[in-house]
Amino acid sequence: MVKTIVVIGAGVMGRGIAYASALGGYEVFLTDVDRKSLDKARQEIDSIIEQSVERIKITPSQGKEIEQKLVYSMDLRQCLATADLVIEAVPEKKNIKQRVFQEMERYAPGHCLFATNTSTMSPTEIGSYGKRPHKTIAMHFFNPVHKINFIEIIKGLETDDATVEEVIGVAKRMGKETAVVNEFPGFITSRISALVGNEAFYMLQEGLGTPQEIDKAIKLGLKYPMGPFELVDLVGLDARLNNLLYLYEKLGEKYRPAPLLEQYVKAGRLGRKTGKGVYDYSQENERGVHL
């Protein structure tokens, strides 16, 4: 039974997963190699707690409990020593994930389950980085984690049923709905999102409409909660490009990245995190202004 969760990587996704885990009542260790990332994660999580109390989504006492359940540490070995579930949330790069999973295998107890937060990568391959592929699974969280109550759970080739059931239970305690799918490149959500987002860039490249008009049409006409450009600015244009390149390699021509998307990434227009993407967030406007 999972009592303690270790989240590796204190970026946007990692801090959101850590918050959701503490909200679910788990003891949580959030670890990263960079002290600044941990400090920023603490500030962001404190802000989420404060806003959640103000909006009466949690009580002040619940907010205090969440704070008390969270430990921020750079000592990965110490964090892993008592882990029941490790959720890796490092960048979507094979060499980084491989190194992290080898460390997880080395220091985590034998009963510990391993989960990777990935939107496209193979949990079967990632499971091969350690010696417990039957206890390895993918948990695809969505940004912002504290607002989107869904996790896509992906079974690897050797993932056993006990691991699947345990992870479903963890997700439920976090307040998340789940869909369990078998591994295939891009899973469900990433394949659809990548296609829609990439097609939007082709439309913009062709002069079909402005980003505002394209986003508006998708939201109002198709009932999407966010337009494709609003979404890509949130998740990061570099992350979207990496996903498309992976899907293009695995699934073929229909996932070839739009040249305009590649140009934006080369120009450093990566979205909200850099202040400019499809929209300009330098003034922190609600919508941003297309450059």
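This is a predicted model: local features need pLDDT of at least 70, side-chain atom pairs count only at pLDDT 80 or more; totals for chains, interfaces and linings use all residues.
1. Residues are numbered from 1 along each chain as its sequence is written, and side-chain values use heavy atoms, with hydrogens and water left out.

2. Back to our pair. Asp39 and Arg35 form a salt bridge, with their closest N and O atoms 3.9 Å apart; the term requires a side-chain nitrogen of Lys or Arg within 4 Å of a carboxyl oxygen of Asp or Glu. The two residues are separated by about one helical turn because they lie 4 residues apart in helix H2 (residues 35-54). Helices (H or I, at least four residues) and strands (E, at least two) are DSSP runs, numbered from the N terminus.

3. How many salt bridges does the structure hold? There are 9 salt bridges. In one of them, Lys97 joins Glu88, with the closest N and O atoms 2.4 Å apart, and both Lys97 and Glu88 are buried. A network of salt bridges links Glu88, Glu92 and Lys97.

4. Another salt bridge joins Glu125 to Lys94, with 3.2 Å between the closest N and O atoms. This pair links distant parts of the chain, since Glu125 sits in helix H6 (residues 123-127) and Lys94 in helix H5, 31 residues apart. Glu125 is partly exposed at 33% relative accessibility, and Lys94 is partly exposed at 46%.

5. Now look at the sheet. It is open, with 8 strands in the order S3-S2-S1-S4-S5-S6-S7-S8 and mixed pairing; two strands pair if DSSP finds at least two bridges between them. The edge strands, S3 (70-73) and S8 (177-182), each pair on one side only. On average, neighbouring strands are turned by 25 degrees against each other, direction ignored.

6. Which helices pack on this sheet? Helix H1 (residues 12-23) touches S1 (4-8), S2 (27-31), S3 and S4 (85-88), and its direction makes about 170 degrees with that of S2. Helix H5 (residues 94-107) touches S1, S4, S5 (113-116) and S6, and its direction makes about 165 degrees with that of S5. Contact here means heavy atoms within 4.5 Å.

7. Last, find two helices that pack together: H9 (residues 211-222) and H10 (residues 228-235) meet at an angle of about 105 degrees, with their axes 7 Å apart. That angle makes H9 roughly perpendicular to H10, a label for 65 to 115 degrees, whereas under 35 is roughly parallel, over 145 roughly antiparallel and the rest oblique. Axes are lines fitted to C-alpha atoms, for helices over the stretch in contact, and angles run from 0 to 180 degrees between N-to-C directions. Pro211, Ile214, Asp215, Ile218 and Lys219 of H9 make the contact with Pro228, Phe229 and Glu230 of H10.

How values were computed. Buried means under 20% relative accessible area, exposed over 50%, partly exposed in between (1.4 Å probe, protein chains only).
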